[in-house]
Amino acid sequence: MRPFNFSAGPAALPEEVLQTAAAEMLDWHGSGMSVMEMSHRGREFASIFEAAEHSLRTLLAVPSNFRILFMQGGGLAENAIVPMNLSRGGLVDFVVTGSWSKKSLKEAGRYCDASAAGSNEGNRHTDVPAPATWALRSGLSYVHVCTNETIDGVEMQTLPDLAALGCDAPLVIDCSSHILSRSIDWSRVGLAFAGAQKNIGPAGLTLVFVREDLLGHALSICPSAFDYRVVAENNSMFNTPPTYAIYIAGLVFDWVQRQGGVAEMERRAITKAELLYGYLDNNGGFYANRVAKPARSRMNVPFFLSDESLNDAFLAGAREAGLLQLKGHKSVGGMRASIYNAMPLQGVQALVNHMQDFARRHG
Ligand code: PMP
C-alpha cells in the first residue's frame, strides 16, 4: 500500500488514475502515442479534451451560459488575469479571509482600485466575517472572495448572496482548494477559478468558469493569451493548453463520477472532516485547531501541538507510520492535514491513530 499523502498541493491523486495513466503512458488507446506527444489540434487529443470538458460540466452542473476555459498560470496568475479582464480599471472589493485573498487584493491593486470590504486579519484569519458586515462600495466591477483558504483552513460554507446585500456586481470566487468537494451555486457566481493541483490533477492547468456576459472587456494591456474572450473563442486552443494535465484531469473527473459524483465527494468530505476535528476538539489539549467552528475547512486542517518542541518528532513518527507531508505552511507553523477528494477515510483514521499514539507517549 502507498503511504497516505496529506500535501496541500500538488496533492495526492486517486491511485486508479495513476494506474490508468501508467498503463496508457506509451500508447494511448492504440494511437501509438503518449498523450504528451499528441498535437493539441489532432483528433485524439480533441476527443480527450471534449470528454474532459463534458464531464466537468456535468459534475458541477455548469450552466450553458458559462464558458469553461482550460488555461495556464495557476491561481497567482489569475490574481492578475481576473482584474485585467473584469475590472475595466474601476472599483473592485475583496473580502480578506486568509493568505490567498490577501495576495489577490494586493495583485489586483496593480490594475484597478482594489479595496478590502471585510477582513478577518484582526482574528488572525480564523473566521469568515459575516456578509452583512461587509462594507461594499457602490459601482463595483466585481467582488472577490477565496472560498477555501488553503493555508489558514478557513472555508465559506455558503457563497455570499451579493444581490441580497444590495450589490449587483458579479462575484468572483477562488475555489482552487475545494473545487469538486461540494456543489457550486452558479446563480451567485460570475466567475470561478481554480488551479488544478489539489482536487483535479497535476499543476500547470488552471480552470476558469466565466459567465458569457463578462467576456470581451479586457484592458488593452491584457496579453491575448490571457484575454478570456480570445481563449473562449478559440476553445482554449489559442495557445497550446497543458495537454497532459488536461488528460489526467479528465481521468480524475471520470473517477469522481464513478464514486458517485460531487454529492458523494461532499458526503465523504464531511465524514473525514468530522473525524479529524472531532479528535482535535477532544484530546485533552495536546492538539488544537484555532479556526471558528462554522468557518472550518473540510479540505485543509491546520493544527498545533501544545508543546511545539515536539513538532519534529511528530513529523518523523508520522513519516514512519506512512503519513506524508503534514508540516504546516511556513507562515502559520504547526501541522496541516490536507484531506482532499483522493484521501480515503482510512488515511484520516490512520492520522488520528498516530496522533493518539503520539499523545499517549509524549503527553
Ligand atoms: N489560491 C489558492 C486558494 C491556493 O491554494 C493557491 C495555491 N496553493 C493559489 C491560489 C495559488 O496557486 P498557484 O501556486 O498555482 O499560482
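Colleague: Which residues in α6 meet which ones in α7?
Modeller: On the α6 side you have W255, V256, Q257 and Q259, and they meet G261, V262, E264, M265 and R268 of α7. Contact here means heavy atoms within 4.5 Å. This is a predicted model, so local features need pLDDT of at least 70, side-chain atom pairs count only at pLDDT 80 or more, and totals for chains, interfaces and linings use all residues. Residues are numbered from 1 along each chain as its sequence is written, and side-chain values use heavy atoms, with hydrogens and water left out.

Colleague: OK, and at what angle do α6 and α7 pack?
Modeller: About 75°, with the axes 7 Å apart. Axes are lines fitted to C-alpha atoms, for helices over the stretch in contact, and angles run from 0 to 180 degrees between N-to-C directions. The two helices are therefore roughly perpendicular to each other, a label for angles of 65 to 115 degrees.

Colleague: Switching topic, what surrounds the ligand?
Modeller: Residues including G74, L76, W100, T150 and D174. Being near a molecule means having a heavy atom within 4 Å of it.

Colleague: How far is the side chain of T150 from an oxygen atom of the ligand?
Modeller: An N or O atom of that T150 side chain is 2.4 Å from the ligand oxygen. That's a polar contact, a pair of N or O atoms within 3.5 Å.

Terms used:
A polar contact is a pair of N or O atoms within 3.5 Å; within protein, one must be able to donate a hydrogen and the other to accept it, and residues adjacent in sequence count only if both atoms are side-chain atoms. Helices (H or I, at least four residues) and strands (E, at least two) are DSSP runs, numbered from the N terminus. Angles under 35 degrees count as roughly parallel, over 145 as roughly antiparallel, 65 to 115 as roughly perpendicular and the rest as oblique.
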